[in-house]
Amino acid sequence: MHNLKKTSVLTLLFTLYLISLIAFTSSRVNATTLYVAGSDPLPVDIQVNHFVEVRDGGVVLINDTITLSPGENASLINNFLVGFPFEYRKDQATKERFYPDYCFAFDSQGELKVLSDVGLGKLGFYGANVTLHAPGGTQPYNFTVVFVFSNLVKTSPPTQTDWNVTFPMYPSMVQDVSSCLVKVFLPKNANCTDAVADFNQTSLVLTKTNLPSFTSESGWVKFRKPTFQMLEATELTRKITLDEWGRIFCSESYSLINRGATDLTSLKIRVPEGTYDISAQDENGSSLTVSLQKGNVTVPTSASISFPTAAPLRKDVESTFTVMYWLPWNNYVSQYGVRDYRLSLAFFERQDFEWVIRKLTTTIILPEGASFTQLPDLPENLRLNADSLLQKNVFQEVLTINFHN
């Protein structure tokens with residue numbers, strides 16, 4: 001399975017009086033078109049690998065790798081629609097959101113442009129419109145679309161270690177599919193206890209031939225995993241302060257809802273390499289016990305936060321806590337001119353568990369007298385769900401970037 005995109009890196013260029021902020025940009029590939037059948041404006045043959053992956057944290061990835069095999073007398077297309085039945089947009093009873101929090105696509109040349117949450121041309125379906133940049137000609141062409149869902153995993157009574165995941169059994173497309181391979185990947189050390197009848201419970205694999213267009217069918221798998229953690233991040237706020245004495249101070253505030261089966265009395269989070277003098281406190285300002293595990297080239301640095309027995313992260317209750325730490329200047333800041341510097345720091349550390357962050361705010365506070373000269377050029381996949389605010393006063397400038405979902 002393909003991983004989610006790598007963590008975006010925040011890069012700052014600055015002097016004591018002049019700071020420029022940049023971020024990496026996504027690769028740009030000129031889009032060309034794909035030949036498909038001319039008499040019938042559809043590919044002659046479509047094959048799909050429909051992989052469903054459940055990750056610790058409760059996120060579900062639906063990964064559709066699509067192979068288009070055009071035939072003779074071909075015309076040209078440069079867009080492709082793929083999606084789901086409308087029931088995977090929002091639960092009509094609870095109004096709980098199901099529709100993908102995030103979607104991206106790629107082929108062998110790199111990232112593809114995606115327009116998400118679009119209609120498929122028939123009532124009861126929605127999905128994504130992917131802009132292709134195929135090499136042209138009549139050779140088979142394949143690309144991958146990844147949808148990131150939340151709220152598809154639920155506890156499954158009577159025990160606190162049983163879970164149920166529901167998902168679209170097959171992709172919904174506007175064309176017939178000649179062959180669709182379906183496979184479900186469960187979290188590490190999870191065991192399947194039951195599944196929809198079509199599945200082999202041991203391998204969780206099936207192949208469907210001659211799949212009609214606009215297929216609408218749900219699948220489900222029950223599994224057991226005693227340590228399965230399911231967290232919803234309603235808001236995470238990271239404040240990075242650079243001071244005139246060459247120090248970096250970070251403050252991270254977490255607002256989480258524990259969607260698991262039991263209360264949590266501890267949580268392990270990743271923090272940047274080189275973190276020192278770490279501390280934590282709850283929403284009332286009371287100190288929490290925190291221990292730091294230093295990493296190396298293969299093991300990331302992490303912090304374990306313990307919550308009082310009387311005040312754990314309660315099931316289905318929003319809890320807030322803050323972690324504070326310092327970072328070594330030389331690890332993240334490099335000088336490239338007389339008074340010019342570059343700060344490189346991830347917007348947020350990737351965790352051992354996967355979650356959807358409803359709102360992520362990163363704030364950068366410069367030393368007194370410093371000013372931004374260039375705002376970040378975010379990659380397109382982030383730019384669509386982001387906004388920024390630059391605040392200036394006589395002594396200091398502050399940049400705040402908000403990301404959504």
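Reply: Here are the labels, each set against its cut-off.

This is a predicted model: local features need pLDDT of at least 70, side-chain atom pairs count only at pLDDT 80 or more, and totals for chains, interfaces and linings use all residues. Residues are numbered from 1 along each chain as its sequence is written, and side-chain values use heavy atoms, with hydrogens and water left out.

Me: Why is Pro-212 called partly exposed?

Reply: Buried means under 20% relative accessible area, exposed means over 50%, and partly exposed is in between (1.4 Å probe, protein chains only). Pro-212 has 45% relative accessibility, so it counts as partly exposed.

Me: Where is Pro-212 placed?

Reply: Pro-212 sits in the loop between strand 17 (205-211) and strand 18 (218-224). Strands (E, at least two residues) and helices (H or I, at least four) are DSSP runs, numbered from the N terminus.

Me: Which residues does Pro-212 contact, leaving aside its neighbours within four places in sequence?

Reply: Gln-175 and Asp-176. Contact means heavy atoms within 4.5 Å.

Me: What makes Asp-101 and Arg-358 a salt bridge?

Reply: The term needs a side-chain nitrogen of Lys or Arg within 4 Å of a carboxyl oxygen of Asp or Glu. In this pair the closest N and O atoms are 2.4 Å apart, so the label holds. The partners come from distant parts of the chain, 257 residues apart. Asp-101 is in the loop between strand 7 (79-85) and strand 8 (102-107), and Arg-358 is in the loop between strand 27 (341-346) and strand 28 (359-365). Both Asp-101 and Arg-358 are buried.

Me: How do you know that Glu-252 and Arg-238 meet in a salt bridge?

Reply: Their N to O distance is 2.9 Å, and the limit is 4 Å, so the pair qualifies. Glu-252 lies in strand 20 (residues 248-258) and Arg-238 in strand 19 (residues 231-242), so the bridge ties together parts 14 residues apart in sequence. Both Glu-252 and Arg-238 are buried.

Me: Why is the aromatic pair of Phe-84 and Phe-147 called edge-to-face?

Reply: Rings of Phe, Tyr and Trp (its six-membered ring) pair if their centres lie within 6.5 Å; planes under 30 degrees apart count as stacked, over 60 as edge-to-face and the rest as tilted. Here the centres are 4.6 Å apart and the planes stand at 80°, so the pair is edge-to-face. Phe-84 counts as buried at 0% relative accessibility, and Phe-147 does at 1%.

Me: What makes Tyr-254 and Phe-321 stacked?

Reply: Their centres are 5.0 Å apart, with 5° between the planes. That angle is under the stacking limit, so the pair is stacked. Tyr-254 is in strand 20 and Phe-321 in strand 25, 67 residues apart.

Me: How do you know that Lys-183 lies over the face of Phe-185?

Reply: The rule asks for NZ of Lys or CZ of Arg within 6 Å of the ring centre and within 35 degrees of the ring normal. Lys-183 is at 5.2 Å from the ring centre and lies over the face.
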